[in-house]
Amino acid sequence: MGGECCRDVVCEGCPVLLVLDERRRFLFRVERGRVQGSDRGVVRHDDLVGLRYGSWVRLSSGALALVLQPRLVDYMERGLRRRSQVIYPKDHGLILMLLDLKPGARVLEIGVGSGYTTIVLAQAVGATGRVYSYEVRSDMLETARKNLETVGLLDRVELKHRDARLGVDEEGLDAAVVDMPDPWAVLPVLHRALRPGAGAVFFLPAVNQVSRLLSAMDLRGGWAETRVYEVLLREYEPRGDALRPKTTMIAHTGYLVYARRVEERPAQVGDRNRG
Ligand SMILES: C[S@@+](CC[C@H](N)C(=O)[O-])C[C@H]1O[C@@H](n2cnc3c(N)ncnc32)[C@H](O)[C@@H]1O
């Protein structure tokens with residue numbers, strides 16, 4: 001039975017998510033001669049080579065484990081370095097939809113941190129797109145670089161060690177994601193970098209930051225279609241005999257502010273009466 005390496009079939013160098021149960025999940029690249037250990041027995045990497053993703057392998061103890069292809073969320077849960085607060089997958093999903101990101105898009109990112117969001121953007125824009133990512137701290141950029149290498153998406157990203165408040169190099173961009181403490185300070189930068197009509201999403205942990213950003217947008221003008229969201233995700237125990245929500249959940253991560261960069265609105269009748 002044939003199939004493409006790392007897509008259908010496990011070959012040497014392919015990533016594998018080995019799942020014994022809900023808690024015992026191991027993410028690694030297959031290297032001949034190596035062994036993956038667990039408290040339920042071990043598996044030799046050599047025994048994984050040639051298996052199809054989605055199939056089962058028997059450990060030395062006789063226990064069975066599932067051989068899966070890791071998704072980005074699996075890397076985020078157990079395969080990446082984390083040095084900063086990161087945006088969570090529940091928020092990433094909405095960000096991608098709000099920005100209407102497509103293969104080929106050119107996207108600005110301000111505030112790279114550990115690069116979790118950079119990775120999501122790089123996957124969305126595809127091989128023909130580009131992500132321009134600005135970060136003021138060199139240690140964060142290094143972590144992000146390693147994480148992008150781990151998931152194989154570094155070639156779609158330009159990492160720039162710069163304070164974005166001082167400006168960015170690009171123009172005519174399709175979208176922007178901003179995750180930094182003072183996003184109101186980059187509104188003029190975004191206006192120059194985004195093409196008219198392009199969307200920006202700002203991620204903000206505290207509600208007073210949201211309020212300050214909205215006031216700054218009102219004052220400056222040139223932003224429209226503004227929306228504010230908080231995404232709450234409730235996961236359920238997948239049990240047919242006792243279906244109910246899990247007892248714990250991530251209650252708060254941050255707020256998303258979305259707006260589109262537009263031309264300055266011309267004056268119209270009634271403007272004088274506006275507060
Ligand atoms: C919370 S982290 C970003 C996390 C990222 N969104 C993720 O999901 O992994 C915020 C980052 O913004 C960076 N930052 C703050 N001010 C900045 C500025 N003026 N220009 C560029 N980066 C900045 C910080 O150094 C920090 O690494």
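Two residues count as in contact here if their C-beta atoms, placed from the backbone, lie within 7 Å. Keep that in mind as you click around this predicted model.

**Stop one: Asp 179.** Select Asp 179, in the loop between β10 (173-178) and α6 (187-193). Leave aside its neighbours within four places in sequence, and Asp 179 is in contact with Ile 87, Gly 111, Gly 113, Thr 117 and Phe 203. Is Asp 179 buried or exposed? It has 23 C-beta neighbours inside 10 Å, so it counts as buried.

**Stop two: Glu 135.** Now jump to Glu 135, which you'll find in strand β8. This one is buried too, because Glu 135 has 26 C-beta neighbours inside 10 Å. Its contacts, again setting aside neighbours within four places in sequence, are Gly 111, Val 112, Met 140, Leu 141, Ala 144, Leu 159 and His 161.

Show the pair together: an unreviewed UniProt entry places the feature "binding site" at Glu 135 and Asp 179. They span 45 residues in sequence, yet no two of their C-alpha atoms are more than 10.1 Å apart, so they gather at one spot.

**Stop three: the ligand.** Bring up the shell around the ligand, 21 residues in all. Which of them come nearest? Those are Gly 111, Gly 113, Tyr 116, Thr 117 and Asp 179. Two or more shell residues come from each of α4 (116-125) and β8 (130-135).

Zoom in on Val 107: beyond its neighbours within four places in sequence, it is in contact with Leu 101, Leu 121, Val 125, Val 131, Leu 173, Asp 174, Ala 175 and Ala 176.

**Last stop: helix α7.** Finish by selecting residues 207-220, which make up helix α7. Its 14 residues reach 20 Å from the first C-alpha to the last, close to the 20 Å expected at 1.5 Å a residue. Then step just past the end of α7 to Gly 221, where phi is positive, at about 75°.

Technical notes: Residues numbered from 1 in each chain as written. Predicted model: local features only at pLDDT ≥ 70, side-chain atom pairs only at ≥ 80, totals over all residues. Helix = DSSP H or I, 4+ residues; strand = E, 2+ residues; numbered from the N terminus. Expected span 1.5 Å × (residues − 1). Near = placed C-beta within 6 Å. UniProt positions renumbered as here; feature names shortened; annotations may be inferred. Buried ≥ 20, exposed ≤ 12 C-beta atoms within 10 Å, placed from the backbone.
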